[in-house]
Amino acid sequence: MAADNNSRWKTRSTRPGRVESPPGTVSVPEKWRAHTSRHGEAPARPQRGSLARAVSALESRLAEWLNVGAAYLGIAVLVTLVMVFSIAPLRDQVSQVHQALLEALRPASVDDVLYAMLAIDDDNRELLEHLAGTVAESTEPQEGEVNPPPTSAESINFVGLLKASSEESSVEGITAAQETALRSYLARKYRIASSVAGAIINTVFVVAREMDLDPQLILAVIAIESRYNPYAESHVGAQGLMQVMTRVHKEKFTEFSDGTIAALHPIANIRVGSRILRDCIDRRGSIERGLACYVGATGPSDGGYGAKVLAERRRIALASGIPVGR
């Protein structure tokens, strides 16, 4: 029987292309697979829970939505900018809407003031004849004179000053180079139109001669008080370029037909504010004490207000090349 088994094994093993192990033995690959399955293979990782899979899917979906939304938003902004800045009729419509909003929101009592700050062309000249009670005198220039500067505060018309400023008219008392440097400094630092800076400089120099004050001191007070915003108003009610307390100095506005609302007019505000400053200096005896009085300080300390004003006056004088006055 054993012989028969051996003969059958030999017969099977001699078949070409096939190698078999003797009965009762395990082939080498099978042993290797069994060994690695017991010792070498890493255990299978546990499957993630349904909640984790849901969160991951939600994060992926949100990321896709955000990407798509950002792309569409960028396209919408780009298209809007192209339409606004490249299509002339649409630009005109936007400008008309802007003008309509200004007309609707502008108080009737300050119409002249707003136009005086913005308009310098002849089309609006008839609208600007009356500016907060200050009317320009229609005087013809003498032979050899071209746009002579105003000589008194009563004859100042702010629109006329804007017109003269746009035409590079010189300011009395300083050279053209000094005026240009001063105008450039104020326009650049306080972000106002160059023509408006020139008109304010003209006004300040006229009023300063009337009040016997250093023009650059008045310009420095305007800088610290309102940063050249003629419509500024503090939490205590101080208004305009020089932040005049209209309820305290109501009587100083009687010369203006609009009363205390004239505090929002550049010329009226500079005139009244300069008169208050002149009174404070006369009462206290010095510029430093006068500035403390102007800001309302009753004690020896003004909280650094005077130092700020005088420092700005020095910067203005350095930028313009105009010597510091009294």
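Predicted model: local features only at pLDDT ≥ 70, side-chain atom pairs only at ≥ 80, totals over all residues.
Trainee: Why is Ser226 called buried?

Mentor: Buried means under 20% relative accessible area. Ser226 has a relative accessible area of 8%, so Ser226 counts as buried. You will find Ser226 in helix α9, residues 215-226.

Trainee: What makes the pair of Ser226 and Leu241 a polar contact?

Mentor: The cut-off for such a pair of N or O atoms is within 3.5 Å. Here a polar atom of the Ser226 side chain lies 2.6 Å from the backbone oxygen of Leu241, so the distance meets that cut-off. Leaving aside neighbours within four places in sequence, Ser226 is also in contact with other residues, including Ala232, Gly240 and Gln243.

Trainee: How do you know that helix α11 is mostly covered?

Mentor: Of the 8 residues in α11 (287-294), 6 are buried. They are Ile287, Gly290, Leu291, Ala292, Cys293 and Tyr294. These buried residues pack against α9, α10 (266-284) and α12 (305-320).

Trainee: Which residues have the most contacts inside the largest nonpolar core?

Mentor: Leu186, Tyr228 and Leu291 do, in a core of 49 residues. Helices α7, α8, α9, α10, α11 and α12 each supply at least two residues of this core, and the largest share, 9 residues, comes from α8.

Trainee: What does Leu291 touch beyond its neighbours within four places in sequence?

Mentor: Leu291 is in contact with Leu217, Val221, Leu277, Tyr305, Gly306, Val309 and Leu310.

Technical notes
Residues numbered from 1 in each chain as written. Heavy atoms only, no water. Helix = DSSP H or I, 4+ residues; strand = E, 2+ residues; numbered from the N terminus. Buried < 20%, exposed > 50% of the residue type's maximum accessible area, 1.4 Å probe, protein only. Polar contact = N/O pair within 3.5 Å; in protein donor to acceptor, adjacent residues only side chain to side chain. Contact = heavy atoms within 4.5 Å. Core = buried A, V, L, I, M, F, W, Y, C linked by side-chain atoms within 4.5 Å.
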